[in-house]
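Subject: Structure handover

Hi,

Here is the structure for your set-up work. My notes follow below it.

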Amino acid sequence: MKKYISSFIQPYLAFAASACSIIGLAVVIVSDKDATIIALITLCMCLFFILIGILLAIDRLLRQNYRKDYKSISSFYVYQSDDGVKSTFECFRLIQCKRMFLSQIEYKFKWSGSLMPKIWSNSQVIDNIVHHDDSQQWDSAILMFKKPLTYNESTVVHIMTQNDDHDGKAKPCIYCKLESPIDVMQFRVLLAYKTDGYAEKAVFERKRISQEIDLDYEYLESVDFNCLYKQYYHVVVNPSPGFTYRLRWTK
């Protein structure tokens, strides 16, 4: 801590001391009333610069201790399609702020169909949606909090997309790009259009984040189809970070 005080706060203290010396000389040659006003202004300025130095030191310390703006705690993904053509994808993500203040985060996603999905949120304001024609490049959006988060404050991030696979080009899968540790991931895929006798298993797999979106996936396990509720349901506890996880089924 002494190192941070020396590196980040001391320059502001030195500046404040120099300012006091210069202004103190000016006070000597002015009237008492003017001297009082100058002294008060000087005091306020010194306190302001010291406060800025402390805040910058704390911010630098937080960034060195945690490289991301927030910590992911859990993620829940729900994909639903009643006819195999139109579908919705909903994501709930519990995060914890790791900065003094956090007003927005970036959300990355990819829909493999030919029509850009409609996207909205019940909790945040969505801005600056960026779509890439390259199927191997993630799309992105900025989620702006209605009230900025403070350090260690938690909130639920919500995002929902409405998808249309009218030409059948979309791939039957959902992704989760995991860049940092997380406690739990939950996947739920509801396929009401499947026949009563359908029982084909889905595949849960992963690949390194640095690799392309749809290549070189490593098989992890199979996921049974619940015939009664017509859904796949899969929970992963403490998954390894640095991978893109995918739950894939037959369309």
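K147 is exposed, because its relative accessible area is 53%; exposed means over 50%, buried under 20%, and partly exposed in between (1.4 Å probe, protein chains only). K147 forms a salt bridge with E153, with the closest N and O atoms 3.2 Å apart. E153 is partly exposed, at a relative accessible area of 24%. A salt bridge here is a side-chain nitrogen of Lys or Arg within 4 Å of a carboxyl oxygen of Asp or Glu.

Before the rest, the ground rules. This is a predicted model: local features need pLDDT of at least 70 and side-chain atom pairs count only at pLDDT 80 or more, while totals for chains, interfaces and linings use all residues. Residues are numbered from 1 along each chain as its sequence is written, and side-chain values use heavy atoms, leaving out hydrogens and water.

Salt bridges

The search of the whole structure finds eleven salt bridges. One of them joins K230 and D196, with the closest N and O atoms 3.2 Å apart. This pair links distant parts of the chain: K230 is in the loop between β12 and β13, D196 is in the loop between β9 and β10 (202–208), and 34 residues separate them. Helices (H or I, at least four residues) and strands (E, at least two) are DSSP runs, numbered from the N terminus. K230 counts as buried at 18% relative accessibility. D196 counts as exposed at 65%.

R206 and E218 also meet in a salt bridge through their side chains (3.2 Å, N to O). R206 lies in strand β10 and E218 in strand β11 (residues 218–223), twelve residues apart. R206 counts as buried at 18% relative accessibility, whereas E218 is partly exposed at 38%. K68, K177 and E179 are linked in a network of salt bridges.

Rings

R206 has another contact: it lies over the face of F243, 3.9 Å from the ring centre. The charged end of R246 sits over the ring of Y217, 3.8 Å from its centre. The test is NZ of Lys or CZ of Arg within 6 Å of the ring centre and within 35 degrees of the ring normal.

There are ten aromatic pairs in the whole structure. Rings of Phe, Tyr and Trp (its six-membered ring) pair if their centres lie within 6.5 Å; planes under 30 degrees apart count as stacked, over 60 as edge-to-face and the rest as tilted. Y77 and F89 are stacked, because their ring centres are 6.1 Å apart and their planes are at 15 degrees. Y77 is in strand β1 (residues 70–81) and F89 in strand β2 (residues 86–97). Y77 counts as buried at 3% relative accessibility, and F89 counts as buried at 12%. F225 and Y232 are edge-to-face, because their centres are 4.9 Å apart and their planes are at 65 degrees. Both of these residues, F225 and Y232, are buried. Ring pairs also link Y77, F89, F187, F204, F243 and Y245 into a cluster.

Sheet

Seven strands make an open sheet with mixed pairing, in the order β4-β7-β2-β1-β9-β13-β12. Two strands pair if DSSP finds at least two bridges between them. The edge strands, β4 (118–120) and β12 (225–226), each pair on one side only. Strands β9 (residues 184–191) and β13 (residues 231–237) pair in the antiparallel sense over seven bridges. Q186 stands opposite V235 in β13.

Best regards
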